[in-house]
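Colleague: I'm new to this one and would like to learn how to read it. Could you walk me through it?

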Amino acid sequence: MKILVATEKHFAPKAVEAIRAKVEEAGHTLALLEKYTERSQLEDAVADADALIVRSDKIDAALMDKAPRLKIIVRAGAGYDNIDLAAATARNIVVENTPGQNSRAVAELVLGMAIMAGRNNYDGTTGCEISGKRVGLQAFGQVSRNVAKVLEGFGAKVSAVDPFCKAEVMKEHGVEPAESIEALYAGNDIVSIHIPATPQTVGSIGRALIASMPKGAILINTARKEVINEAELAEVLEERPDLKYFADVKPDNAAELVERFGTRVFFTPKKCGAQTREANMNAGIAAADQAVSFLATGKPRFKVN
Ligand code: 3PG
């Protein structure tokens, strides 16, 4: 059968080699579409694919209609808001993600951004340390757990809020459960966002939460741009010259924010939290394993639809 890896943002070459080995070992053929620039390239490539491995590539109903043999889509990563789950279900296509495989890489980027913001983008002026700071994690999944682990070494005081995670689990990780999202924002020097983009979370972080942050606070977003109310973020940054916003998910109003607020905001040119050789290997091999296993057994491992 044909397994297509379609990644606009490509995997590291070593990861592609490892994926190919897995696929061919199982007797399948690997097709590779990397760094494509036109949607038509993706449409052509899926025409005879039995399985599809993607990253943040947009997979909607119209694309699925171009792929009559498609049985499974594996999102090599955690967030699957790029895939139309209802459309997949309606076409009897299983969708899986690869939970946890990118999480260390993203956690390290969170720390990198916290240090860069704390040190005023390394401009030589007096900055601040992470040590002793209060750090709040919004959601307590795999990335947050890795952030908490690293922060322990820094001597930060870490708290978290997550309606889907029990307080005992947070405590097992040395993390204090926060009373509410409001308490998390109002009570931490650094807040790191780790929620997915869902109908409930889109636009949910706006004026009320951001303006409640303590003096000199840093807001870090390595999750999804959609969860921020961008217009309200701009308003609060204007009113509060002490606040900073650093994100790996560039907002739509990035150019305006950079022009107005200079180094108080920072955006990676392209989402790079998971773009390490190690995360590419982890997520890529896991995705290939899951696709091969599903084609062999019909049993999904991390089904999300
Ligand atoms: C994820 O959801 O796993 C991350 O956002 C990584 O996305 P990427 O594969 O586009 O880098």
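Modeller: Helices (H or I, at least four residues) and strands (E, at least two) are DSSP runs, numbered from the N terminus. This is a predicted model, where local features need pLDDT of at least 70 and side-chain atom pairs count only at pLDDT 80 or more, while totals for chains, interfaces and linings use all residues. Residues are numbered from 1 along each chain as its sequence is written, and side-chain values use heavy atoms, with hydrogens and water left out.

Colleague: How many bridges join β6 to β9?

Modeller: Strand β6 (residues 134-138) and strand β9 (residues 190-193) run parallel, joined by 4 bridges. Take valine 135: its bridge partner in β9 is isoleucine 190.

Colleague: And which helices pack on that sheet?

Modeller: Contact here means heavy atoms within 4.5 Å. Angles run from 0 to 180 degrees between N-to-C directions, with axes being lines fitted to C-alpha atoms, for helices over the stretch in contact. Helix α5 (residues 103-118) touches β9, β10 (218-221), β11 (244-247) and β12, and its direction makes about 150° with that of β10. Helix α6 (residues 142-154) touches β6 and β7 (157-161), at about 170° to the direction of β6.

Colleague: What is the strand order in that sheet?

Modeller: It's an open sheet of 7 strands with parallel pairing, in the order β8-β7-β6-β9-β10-β11-β12. β8 (176-177) and β12 (265-267) each have a single partner strand, so one side of each has no neighbour in the sheet.

Colleague: What about the sheet of 5 strands, which order does that have?

Modeller: That open sheet reads β2-β1-β3-β4-β5, again with parallel pairing. Its edges are β2 (29-34) and β5 (94-97); each has a single partner strand, so one side is left without a neighbour. From one strand to the next, the twist averages 20°. Between β1 (residues 2-7) and β2 there are 6 bridges, and threonine 7 has glutamate 34 as its bridge partner in β2. Helix α1 (residues 13-25) packs on this sheet, touching β1 and β2.

Colleague: Now the ligand: which residues surround it?

Modeller: A residue is near a molecule if one of its heavy atoms lies within 4 Å of it. Around the ligand you'll find, among them, Lys9, Arg55, Ser56 and Asn102.

How values were computed:
Two strands pair if DSSP finds at least two bridges between them.
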